[in-house]
Amino acid sequence: MSSTIPSELRYTETHEWVRSQEDGIVTVGITDYAQHLLGDLVFVELPEAGRVVTAAEGCAVIESVKAASDVYSPVDGVIVEVNELLADNPELINQDPYEEGWILRIKTSADMEGLLDAAAYELIAIDEDEDEEGSLTNSKLAG
Amino acid sequence: MAKRTPLYARHLALRAKLVDFGGWDMPLHYGSQLQEHHQVRNAAGLFDVSHMTIIDFPGPAPARALLRYLLANDVARLGPGKALYTCMLNDAGGVIDDLIVYGRGETGYRLVLNAATRDKDLAWIAPLAERFNASWRERGDLAMLAVQGPEALAKLEAVLDAETLHAVRASRRFHAVEGKDLFIARTGYTGEDGVEIMLAAENAPVLWDGLLAAGVAPCGLGARDTLRLEAGMSLYGSDMDETTTPLVSGLGWTVAWQPPERDFIGRAALEQQRAGGISQTLIGLVLEERGVLRSHQTVYDGDREIGMTTSGAFSPSLNRGIALARVAAGIGGGCQVDVRGKRLPAQVVKPPFVSRPL
């Protein structure tokens, strides 16, 4: 599977991407690789702005036709904004995972050094590809 | 290694997402499960269902006597060219499998069973067939394609000769037409009009190509599952299994109680259950707010736990979470479903969730 991994972003092992801005606010979404594996997204459960989160804490839930998956906060901080468009248009994550399909913004004082760069994330995505389904399992199907 | 249908190379060429299903490498989708779902509801879709188990019983007798004992529905109702949906039960009335049996007049009967249950089905049927002195043959040499959707019959023009096409269009739902090389049944698992076509495996790729060229969209098992759920059709292993009877699975209508003198496997257990009162029922649930229902979620009526979802999905047609649930009998209009620790209100409905003029 070929998927896009922009070099200017940072990543987590759990398939979130992070874009940092100068004002200490980071934008978070899920990677192109992750949306491919999940399949069509049909519902996004967003947190309230103002919620305090710690790194690796579940802060949103995305549901595809196959399964529900947590989105984990990449950093410690406070959620300052969520992408309200996703409530009615969860498919934005499939169509444009790095721009229109962003999920939330976090105000943080953490630096990005603890996160993966594009090259390191690519190794994880390749590893899981060879693993077949990785942790993203299929629901039971008709037949 | 997983088994492959005669269309495996076609799925690879179309870049299908393949998954293991009941020991078979099958297409989950060809890019977008949602688009494939809508394609079937609005136009026509093509499914490779060659993994399903096909068994022929030459007949009519003694196959007729065997099947009247083996199946909870009654093949005595089955004229030539007609199809019947039925459960195959164990002695306790539990469902070993659900299947379609086709009457073929002097030729006998054809059964289409689930792929994932093949081994246990054959192990169950073989000794009974022997007892009834009925011969049978598994048709691993056949492939099966489903063409489903409001435009399905129109699209068949591209691949059928005029005579066969006329016969198919003149046929009614749950009837089959047999040509020289094709067995075409007006059946399906989507709630839409359409056909299921059985044919020699070596001829399947040409038929597949012809239908795609006519504009029928390839669809995977993912869309097949949401389509059947919207249509309120049961999935074996989820909505019923060997621990549940048809009477608590929304399948009481498939049990032929008449004539009373017909003995079939499971009958005594079902009669006992019926006499004692049916304590559970299979209902439809529609989530009142946005969200997705899944199988194995607990259903509440206020504080009281009343049952469990057996199948659940996001309904692309309704834009809502829907589910089938087995709950205590006599539940009213509303309930709540535990979705990841939150109790979400759901409306109780009688399936199908989506019904089509047929």
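**View 1. Strands 18 and 19 of chain B are joined by six bridges.** Strand 18 (residues 334-339) and strand 19 (residues 342-349) of chain B run antiparallel. Strands here are DSSP runs of E with at least two residues, and helices are DSSP runs of H or I with at least four, numbered from the N terminus. B:C335 has B:A346 in strand 19 of chain B as its bridge partner. Strands of a sheet pair through backbone hydrogen bonds, either parallel or antiparallel. The model is predicted: local features need pLDDT of at least 70, side-chain atom pairs count only at pLDDT 80 or more, and totals for chains, interfaces and linings use all residues. Residues are numbered from 1 along each chain as its sequence is written, and chains are lettered from A and ligands numbered from 1 in the order in which they are written.

**View 2. Six strands of chain B close into a barrel.** The order is 14-17-16-15-18-19, with antiparallel pairing; two strands pair if DSSP finds at least two bridges between them. From one strand to the next, the twist averages 40°. Helix 8 (residues 221-230) of chain B lies across strand 16 (304-315) and strand 17 (320-328) of chain B, at about 125° to strand 16. Axes are lines fitted to C-alpha atoms, for helices over the stretch in contact, and angles run from 0 to 180 degrees between N-to-C directions.

**View 3. Helix 3 (residues 63-70) of chain B has buried residues.** These include B:A63, B:L66, B:L67 and B:L70 (buried: 20 or more other C-beta atoms within 10 Å of the residue's own, C-beta atoms being placed from the backbone). They lie on the same side of helix 3 of chain B because they cover an arc of only 95° around the axis; the arc is that of the directions from the helix axis to the C-beta atoms. Strand 5 (83-89) and helix 4 (118-131) of chain B are among the elements that cover them.

**View 4. Chain A touches chain B.** Here 13 residues of chain A are in contact with 26 residues of chain B (contact: C-beta atoms, placed from the backbone, within 7 Å). Strand 4 (41-45) and strand 6 (58-64) of chain A each supply at least two residues of the side that touches chain B.

**View 5. Residues 132-143 of chain A have pLDDT under 50.** pLDDT is the predictor's confidence in each residue, from 0 to 100. Chain A averages 89. Where pLDDT is low, the predicted coordinates should not be read in detail.

How values were computed:
Two residues are in contact if their C-beta atoms, placed from the backbone, lie within 7 Å. A residue is buried if 20 or more other C-beta atoms lie within 10 Å of its own, exposed if 12 or fewer, and partly exposed in between; C-beta atoms are placed from the backbone.
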